[in-house]
Amino acid sequence: MKKKRVLIRLAIASLAIMVLVAASVGVAAIGNDYRFDAREVTIPVSNGGTLEGVLTTPERGDAQGLVVMLHGDGPIDATHGGLYNPWFEGAAEAGWATLSWSKPGVGSSSGDWLAQSMADRAAEAEQVVNWARGYTDIPTQRIVLWGASQSGWVLPAIVAHNEDIAGVVAVGTAVNWLRQGQYNLQAELDHKVADDTERWNAKEESARTNALLERGANYEEYRDTAHETDPMTRERWTFVSRNFRSDAEHDLRAAAQRQIPWHLMAGKHDRNVDMTETARVYQGILDDQFTTTTLNAAHSMARPIMEDSELIGLITGVFWPRALLAPGVIKDYQTFLKQL
């Protein structure tokens, strides 16, 4: 009798696990059911390579324009591992198509994103836009640039060189590379409540690295003098050496001559970029072309807890990725697109 009871309990436990798994699969399916059509595209570039991309469009009706997405830092693919889906959906519901592509060297895209300067990134985006204009089924009658974080040094250069950009959505974008780095360092130290010794060591290491960059030191010298627990790779050092003098102000002044609307989406809890500085600089240069919204969000426009807890972020990303973004983010994005 005892053995039979044990078997019954095991059967009930197994059934419960099966029900839980089935429910989880169902929730994940519903949570990842987005309202847009998508197709993969292959974009040729001038160096003879290609970029793999994705074009998303509204499920119903023709799109009234095209959003071209420019990534932030890192090896990001066309959908950012699915994190861009809420943005794709938001644009589609506002009547816009979206074009995004994997960075060089990511996925099937040829090249190496770590070998690029910010000018290279701008030139690449211009090639993608020109490619899109060659297809009648891609709605390029109005083009909006969407750019995050590091693309703050790319967006102004594209606008300055192109007369037919209709607007810009800047998401947590930076102005000056070195100041951004110092802000991020201070914000992270404050967040972890670092003690005086930790703060002094971190700031000394940052100053040492910046001094090496300023005098063009090679990777070996950086590696041999670095006290960091996780020093840069050779490729990353080369990338930073190529771009650390980036500052958006010059290109922003040229872009201001185009007289198009710029909208900054700023996270109240952004520890990567000083959004107060970005808003001040944009306002001073772009004047009445500029609007901004400050949201209760982290740098990525996610709810702050998603960046503070890897587990919560992972679970939410799998089962209900729409909930990753802070309240009001997509609505604010749609409002800008609709006003165009």
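## Close-up views of helix packing and a cavity

**View A. Helix α6 against helix α8.** The crossing of α6 and α8 is right-handed in this predicted model. Helix α6 and helix α8 (residues 234–243) pack with their axes 10 Å apart and at an angle of about 70 degrees, which makes α6 roughly perpendicular to α8. On the α6 side the contact is formed by Thr209, Leu212 and Leu213, and on the α8 side by Trp237, Val240 and Ser241. Sorted by class, the residues of the contact of α6 with α8 comprise 4 nonpolar and 2 polar residues, with no charged residue.

**View B. Helix α5 against helix α6.** Helix α5 (residues 177–191) and helix α6 (residues 196–214) have axes that come within 11 Å and cross at roughly 165 degrees, so that α5 is roughly antiparallel to α6. In this pair, α5 passes α6 in a right-handed crossing. From α5, the residues Leu178, Gln182, Leu185, Gln186, Leu189 and Asp190 take part, meeting Glu198, Arg199, Ala202, Lys203, Ser206, Asn210 and Glu214 of α6. The contact of α5 with α6 is made up of 4 nonpolar, 4 polar and 5 charged residues.

**View C. Helix α2 against helix α13.** The axes of helix α2 (residues 85–93) and helix α13 (residues 329–339) come within 9 Å, crossing at roughly 40 degrees, and α2 and α13 are therefore oblique to each other. The crossing in which α2 passes α13 is right-handed. Residues Pro86, Trp87, Gly90, Ala91 and Glu93 of α2 meet Val329, Ile330, Tyr333, Gln334 and Leu337 of α13. By class, the residues of the contact of α2 with α13 divide into 7 nonpolar, 2 polar and 1 charged.

View D. When the whole structure is searched, 1 cavity of 30 Å³ or more is found, and the volume of the largest cavity is about 60 Å³. The lining of the largest cavity consists of Met69, Leu70, His71, Trp101, Lys103, Arg121 and Glu124. Two elements, β3 (66–70) and α3 (118–133), each give two or more residues to this lining. Classified by residue type, the lining of the largest cavity holds 3 nonpolar, 1 polar and 3 charged residues.

Conventions
Residues are numbered from 1 along each chain as its sequence is written. This is a predicted model: local features need pLDDT of at least 70, side-chain atom pairs count only at pLDDT 80 or more; totals for chains, interfaces and linings use all residues. Side-chain values use heavy atoms; hydrogens and water are left out. On a 1 Å grid over the protein atoms alone, a cavity is a set of points where a 1.4 Å probe fits but cannot get out, and a pocket is an open set with protein on both sides within 12 Å along at least five of seven lines; lining residues have an atom within 4 Å of a point. Grid points are joined across faces, edges and corners, and a volume is the space filled by probe spheres set on the points. Helices (H or I, at least four residues) and strands (E, at least two) are DSSP runs, numbered from the N terminus. Ala, Val, Leu, Ile, Met, Phe, Trp, Tyr, Cys and Pro count as nonpolar, Asp, Glu, Lys and Arg as charged, and the others, Gly among them, as polar. Axes are lines fitted to C-alpha atoms, for helices over the stretch in contact, and angles run from 0 to 180 degrees between N-to-C directions. Angles under 35 degrees count as roughly parallel, over 145 as roughly antiparallel, 65 to 115 as roughly perpendicular and the rest as oblique. A crossing is left-handed if the near helix is turned anticlockwise from the far one by less than a right angle, and right-handed if clockwise. Contact means heavy atoms within 4.5 Å.
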